[in-house]
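Let's take a walk through this structure together. Have the sequence and the 3D view ready, and we'll go one stop at a time.

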Amino acid sequence: MVVSIRQLAQWKKEQRAIAVLTAWDYISGRIVDQAGADIALVGDSLAMVALGYENTLALTLDDMVHHARAVRRGVQQALVIADLPFLSYQINSEDAMRAAGRMLKEADVQGVKLEGGYPAITTTVQRLVQAGIPVMGHVGLTPQSINQFGGFRQQGKSPDEANRILSEAKALQEAGAFSLVLEHIPTELARKITQLLTIPTIGIGAGPGCDGQVLVLADVLGLSDWQPPFAKVYAQLQQQGIEAARQFCQDVYAGSLHD
Ligand code: KIV
């Protein structure tokens with residue numbers, strides 16, 4: 001069944017959980033799709049897990065278009081949503097329209113995700129939605145603001161921060177976002193936001209009270225060098241891959257590949 005944005009709202013009403021995994025190329029897109037995930041998120045975490053950067057800031061719009069196109073070719077059923085990279089949408093909403101337009105026209109994704117919920121961002125979200133571009137919001141720990149946060153730290157611990165995140169969540173819904181990622185915030189705050197909003201929330205490190213959950217596929221598969229404390233690791237593919245490649249090298253050095 002091909003997943004649509006309208007279905008997500010219905011699933012929230014029915015309390016049917018929404019499963020989201022990230023993907024960064026054709027192979028990871030196929031894995032996510034064939035596993036039955038509802039959304040393949042071309043997250044800008046690909047800067048770290050696929051390109052070896054320390055954070056997401058260096059990623060360009062051209063990089064994202066290139067990776068999203070590859071994911072799109074691997075996905076048949078899941079909804080494909082792609083992150084807009086750092087500074088492709090924060091400067092003004094014209095830039096944001098052009099960036100999101102490229103993602104839809106050149107990579108054929110069905111929507112974009114952008115971080116933050118302060119007024120300039122919600123104005124941009126409103127413009128994108130009015131132009132027919134579905135937008136997923138993202139609040140809490142927004143990795144493009146890593147330098148301001150001073151690390152990948154939990155957000156929303158103080159009452160002031162929690163109130164700010166709650167207001168941002170409401171403003172994004174008001175602006176027309178179809179869904180909202182809640183990253184690394186306290187469980188009770190995520191539950192409260194989920195209960196207050198009519199759009200589905202997708203949690204990562206935000207506890208079980210969200211309408212859906214997302215993880216970075218490289219963490220799930222044990223491919224990444226480092227996983228955040230909230231990531232559940234289901235396989236150890238990096239280790240298995242090294243072992244398989246080592247056996248191949250040994251066969252070649254021993255002249256036994258064709259035995
Ligand atoms: O970039 C990403 O992978 C994300 C998810 C972790 C939500 O934004």
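How many aromatic pairs does the count come to? Keep in mind as you look that this is a predicted model. The count comes to one aromatic pair. Its partners are phenylalanine 152 and tryptophan 226, with ring centres 6.2 Å apart and planes at 40 degrees, so we call the pair tilted; planes would have to be under 30 degrees apart to count as stacked, or over 60 to count as edge-to-face. Now see where the two rings come from. Phenylalanine 152 belongs to the loop between α7 (146–149) and α8 (159–175), and tryptophan 226 to the loop between α10 (217–220) and α11 (237–254), so the pair ties together parts that are 74 residues apart in sequence. Phenylalanine 152 is partly exposed, at 36% relative accessibility, while tryptophan 226 has a relative accessible area of 55% and counts as exposed.

There is another ring to look at, that of tryptophan 11. Arginine 16 lies over its face, 3.7 Å from the ring centre.

Next, the helices. Two packed helices are described by the angle between their axes and the distance between the axes. Start with α2 (residues 26–34) and α4 (residues 61–74): their axes come within 7 Å and cross at roughly 45 degrees. α2 and α4 are therefore oblique to each other, and their crossing is right-handed. If you zoom in, you'll find Tyr26, Gly29, Arg30 and Asp33 of α2 meeting Ala70, Val71, Arg73 and Gly74 of α4.

Then turn to α5 (residues 93–107) and α6 (residues 119–130). Here the axes are 9 Å apart, and the packing angle is about 45 degrees. That makes α5 and α6 oblique to each other, and α5 passes α6 in a right-handed crossing. On the α5 side the contact is made by Ser93, Glu94, Ala96, Met97 and Ala100, and on the α6 side by Thr124, Arg127 and Leu128.

Is alanine 82 buried or exposed? With 0% relative accessibility, alanine 82 is buried. You'll find alanine 82 in strand β3 (residues 79–83). Leaving out residues up to four places away in sequence, alanine 82 touches Val42, Met64, Ala68, Met103, Val109, Gly111, Val112 and Lys113. Methionine 136 is 54 residues from alanine 82 along the chain, and their C-alpha atoms are separated by 9.2 Å.

Glutamine 144 is another buried residue, at 6% relative accessibility. Look for glutamine 144 in the loop between β5 (135–140) and α7. Apart from neighbours within four places in sequence, glutamine 144 is in contact with Asp44, Thr56, Leu57, Leu84, Pro85, Phe86, Tyr89, Gln90 and Glu115.

One last stop, this time at the backbone. Most residues other than glycine have a negative phi. Aspartate 108 is not a glycine, yet has a positive phi of about 60 degrees. Aspartate 108 sits in the loop between α5 and β4 (111–113) and is partly exposed, at 44% relative accessibility. Histidine 184, also not a glycine, has a positive phi of about 45 degrees. Where is histidine 184 found? Look in the loop between β6 (179–183) and α9 (187–196). Histidine 184 is buried, with a relative accessible area of 14%.

Definitions and conventions:
Residues numbered from 1 in each chain as written. Predicted model: local features only at pLDDT ≥ 70, side-chain atom pairs only at ≥ 80, totals over all residues. Heavy atoms only, no water. Phe/Tyr/Trp six-rings, centres within 6.5 Å; stacked < 30°, edge-to-face > 60°. Helix = DSSP H or I, 4+ residues; strand = E, 2+ residues; numbered from the N terminus. Buried < 20%, exposed > 50% of the residue type's maximum accessible area, 1.4 Å probe, protein only. Lys NZ or Arg CZ within 6 Å of the ring centre and 35° of its normal. Axes fitted to C-alpha atoms, helices over the stretch in contact; angles between N-to-C directions. Parallel < 35°, antiparallel > 145°, perpendicular 65-115°, else oblique. Left-handed = near helix turned anticlockwise from the far one by under 90°. Contact = heavy atoms within 4.5 Å.
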